[in-house]
Amino acid sequence: MIDLGKFPLSQMKILLRLCDSPDKMGFAEGRDEGGSVKELYKQGLVKPSGKVGRRIRWQLVSGRLKEENIVS
């Protein structure tokens, strides 16, 4: 079970945006979100799913984070 109360606000914003996306994919906007998404990658919650130009598209790892854990 993942304790969502321990995540910083910037990481929660990324998780919410990826959860609300229909394909569970998205980009990190700016340097501050880039560092946050790398921390989420280290924890195994997101994974890279390709590049568009210089930007990395991130995808939510299925099975790690359940829809009922996140209330947007």
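I started at a side chain: Arg55 sits over the face of Phe27, 4.1 Å from the ring centre. I count a charge as over a ring if NZ of Lys or CZ of Arg is within 6 Å of the ring centre and within 35 degrees of the ring normal.

A note on what I am looking at: this is a predicted model, where local features need pLDDT of at least 70, side-chain atom pairs count only at pLDDT 80 or more, and totals for chains, interfaces and linings use all residues. Residues are numbered from 1 along each chain as its sequence is written, and side-chain values use heavy atoms, with hydrogens and water left out.

Next I looked up the fold. I found 2 helices and 3 strands, in the order α-β-α-β-β along the sequence. Helices (H or I, at least four residues) and strands (E, at least two) are DSSP runs, numbered from the N terminus.

Then I checked the strand pairing, which takes at least two DSSP bridges between two strands. Strand β1 (residues 25-27) pairs antiparallel with β3 (residues 55-60) over 3 bridges, and Met25 has Gln59 in β3 as its bridge partner. Strand β2 (residues 46-52) also runs antiparallel to β3, joined by 5 bridges.

Last, I looked at the whole chain. Of its 72 residues, 32% are buried (under 20% relative accessible area, 1.4 Å probe, protein chains only). Among contacts (heavy atoms within 4.5 Å) with a separation of 6 or more, 52% join residues 24 or more positions apart.

Methods: Buried < 20%, exposed > 50% of the residue type's maximum accessible area, 1.4 Å probe, protein only.
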